Amino acid sequence: MIHNRTESEIALLREAALLVGKTLGEVEKHIRPGVKTIELDRIAEEFIRDNRAVPAFKGYCGFPGSLCISVNEQVVHGIPGNYELRDGDVVSVDCGTILDGYVGDSAFTFMVGEVSEEVKMLLRRTKESLYKGIEAAVVGNRVGDIGYAVQSYVESFGYGVVRELVGHGVGRKMHEDPQVPNYGNRGTGTKLSKNMVIAIEPMITMGKKEVFQERDGWTIVTRDKKSAAHFEHDVVVREGKAEILSSFDFIEQNKLL
């Protein structure tokens, strides 16, 4: 079932999404070589609970962490643990909150220390593809227009678009209809209507698009072991121009300090 949210519901979704952005900003302060991913998870959970919310991911279908932390060739759904970040790593941090009964869900891929220029470009272009997708999230377009915008942009650089995982509706539940693939054809799929709230989240690989799931039952990894990037925003479908509910401003702000 697809929901068209009221403005009061959107206000609550915005607060939940902004708390995710603030949490990612808090996590970013601690991303450096030698830090264990479980420590980043602890920092995020404490920050979320201190802001009267609960981590949306913790316990979801049995997931043990408050964050999904995926390093290098791990695309998404990495479980926080004793891995220590190293100089040159890239680390995708996906975070969800439940605040006043509504969900926020956003992700950002960070660089640890000095990262190769090739990987920097992957991150930059994946982030750019997110905004290409958001530009297509307007009333009258279809889900396929979003996927086409992401796919056509990143494939022009020779990157792969993961097929097995997609964006989604977001509201009182973390995963709602419609599904929002990062690939597709213009004019196809579910029609976008006013006040639909969706999470757009390109998952892009440096090499081939094929992935597999590790034995832990969660972590998704590129088959060719090349790096991947993941960025995500919560978005309201509007007339003419989509509204972004989540924010990367709290991350960018740290970089200016």
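How many cavities of 30 Å³ or more does a search of the whole structure find? The search finds 1 such cavity; on a 1 Å grid over the protein atoms alone, a cavity is a set of points where a 1.4 Å probe fits but cannot get out. The model is predicted, so to be read with its limits: local features need pLDDT of at least 70, side-chain atom pairs count only at pLDDT 80 or more, and totals for chains, interfaces and linings use all residues. Residues are numbered from 1 along each chain as its sequence is written, and side-chain values use heavy atoms, with hydrogens and water left out.

**Overall fold**

- The chain has 5 helices and 15 strands, taken as DSSP runs numbered from the N terminus (helices: H or I, at least four residues; strands: E, at least two).
- Along the principal axes, the C-alpha atoms fill a box of roughly 45 × 45 × 40 Å.

**Burial, contacts and surface**

- Of the 257 residues, 56% count as buried (under 20% relative accessible area, with a 1.4 Å probe and protein chains only).
- Among contacts with a separation of 6 or more, 70% join residues 24 or more positions apart (contact: heavy atoms within 4.5 Å).
- Carbon and sulfur atoms hold 47% of the accessible surface of about 11,200 Å², computed by the Shrake-Rupley method with a 1.4 Å probe.

**The largest pocket**

- The largest pocket has a volume of about 420 Å³; a pocket is an open set of grid points with protein on both sides within 12 Å along at least five of seven lines.
- Of its 23 lining residues, the closest to the centre are His77, Leu165, His168, His175 and Glu201 (lining: an atom within 4 Å of a point).
- β7 (167-169) and β8 (176-180) each supply at least two lining residues, and the largest share, 3 residues, comes from β8.
- The lining divides into 12 nonpolar, 6 polar and 5 charged residues (nonpolar: Ala, Val, Leu, Ile, Met, Phe, Trp, Tyr, Cys and Pro; charged: Asp, Glu, Lys and Arg; polar: the others, Gly among them).

**The largest cavity**

- About 40 Å³ of space lies in the largest cavity, a volume being the space filled by probe spheres set on the grid points.
- Residues lining the largest cavity include Ile2, His3, Arg5, Glu176, Asp177 and Pro178.
- β8 gives the largest share of this cavity lining, 3 residues.
- By class, the cavity lining has 5 nonpolar, 1 polar and 3 charged residues.

How values were computed. Buried means under 20% relative accessible area, exposed over 50%, partly exposed in between (1.4 Å probe, protein chains only).
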